[in-house]
Amino acid sequence: MVGGLPARFQTVEQTVNALADVVSYDLGLDYYTGYAKKVSSVTSSQVQDVARKYLIPQKLTVLAVGDRKKIEPELKALGLGEIQLRDTEGKVVSSK
């Protein structure tokens, strides 16, 4: 996230959008001044704690794109639940 920060300001449009976020979400005019330091100070333990609190594994959807013959056996081995095949519009298609 820190490494991608400069890319948010490469064009005038991107800069305006980034600053609009500051105003829209009332982040404070100094938001980007301390952004890198704050993000860098987050530990993996903190991320895991938040994930445990807010993510419900039974309600997650896993999206995998690739060669079905190669990835489907590995997905099945994970035991994540039913595998559905979908077309480019998101409609379920026959699994055969």
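Aspartate 26 is exposed, with a relative accessible area of 68%, where exposed denotes over 50%, buried under 20% and partly exposed the range in between (1.4 Å probe, protein chains only). The model is a predicted one, in which local features require pLDDT of at least 70 and side-chain atom pairs count only at pLDDT 80 or more, while totals for chains, interfaces and linings use all residues. Residues are numbered from 1 along each chain as its sequence is written, and side-chain values rest on heavy atoms, with hydrogens and water left out.

Aspartate 26 belongs to the loop between helix 1 and helix 2; helices (H or I, at least four residues) and strands (E, at least two) are DSSP runs, numbered from the N terminus. Although aspartate 26 is not a glycine, its phi is positive, at about 50 degrees. Most residues other than glycine have a negative phi.

Four aromatic pairs are present in the structure. Rings of Phe, Tyr and Trp (its six-membered ring) are paired if their centres lie within 6.5 Å, and the planes are classed as stacked under 30 degrees, edge-to-face over 60 and tilted for the rest. Phenylalanine 9 and tyrosine 32 make an edge-to-face pair, with 5.1 Å from centre to centre and 90 degrees between the planes. This pair links distant parts of the chain, 23 residues apart: phenylalanine 9 is in the segment before helix 1 (12-24), and tyrosine 32 is in helix 2 (residues 31-40). Phenylalanine 9 is partly exposed at 30% relative accessibility, whereas tyrosine 32 is buried at 17%. Tyrosine 32 is also paired edge-to-face with tyrosine 31, at 4.8 Å centre to centre and 75 degrees between the planes. Tyrosine 31 is partly exposed, its relative accessible area being 25%. One aromatic cluster is formed by Phe9, Tyr31, Tyr32 and Tyr35.

With residues up to four places away in sequence not counted, tyrosine 32 touches Leu5, Arg8, Phe9, Ala18 and Val22, contact being defined as heavy atoms within 4.5 Å. Between tyrosine 32 and leucine 5, which are 27 residues apart along the chain, the C-alpha atoms are separated by 9.0 Å.

Four salt bridges are found in a search of the whole structure, each defined by a side-chain nitrogen of Lys or Arg within 4 Å of a carboxyl oxygen of Asp or Glu. Side chains of opposite charge can pair when their charged atoms come close. One of these bridges joins aspartate 49 to arginine 52, with the closest N and O atoms 3.0 Å apart. Both residues lie in helix 3 (residues 44-54), three residues apart, or about one turn of the helix. Aspartate 49 is partly exposed at 43% relative accessibility, and arginine 52 is exposed at 57%. A further salt bridge connects glutamate 89 and lysine 91 (3.4 Å, N to O), and both of these residues are exposed.

Arginine 68 and glutamate 72 are also joined by a salt bridge, at 3.0 Å from N to O. Both are in helix 4, four residues apart, about one turn of the helix. An α-helix has 3.6 residues a turn, so residues three or four places apart point the same way. Arginine 68 has a relative accessible area of 31% and is partly exposed, while glutamate 72 is buried at 17%.

Helix 4 (residues 68-78) has eleven residues, of which one is buried, so the helix lies largely in the open. At its start, a side-chain oxygen of aspartate 67 comes within 3.0 Å of the backbone nitrogen of lysine 69. Glycine 79 follows helix 4 and has a positive phi, near 65 degrees. Leucine 78, a residue of helix 4, is exposed at a relative accessible area of 55%. Val62, Leu78 and Leu80 make a nonpolar surface patch of about 320 Å². Patches consist of residues with over 30% relative accessible area and no salt bridge, like charges being joined within 9 Å and nonpolar side chains (Val, Leu, Ile, Met, Phe, Trp, Tyr) within 5 Å. Accessible areas were computed by the Shrake-Rupley method with a 1.4 Å probe, and for residues only the protein chains shown count as cover.

Terms used: A polar contact is a pair of N or O atoms within 3.5 Å; within protein, one must be able to donate a hydrogen and the other to accept it, and residues adjacent in sequence count only if both atoms are side-chain atoms.
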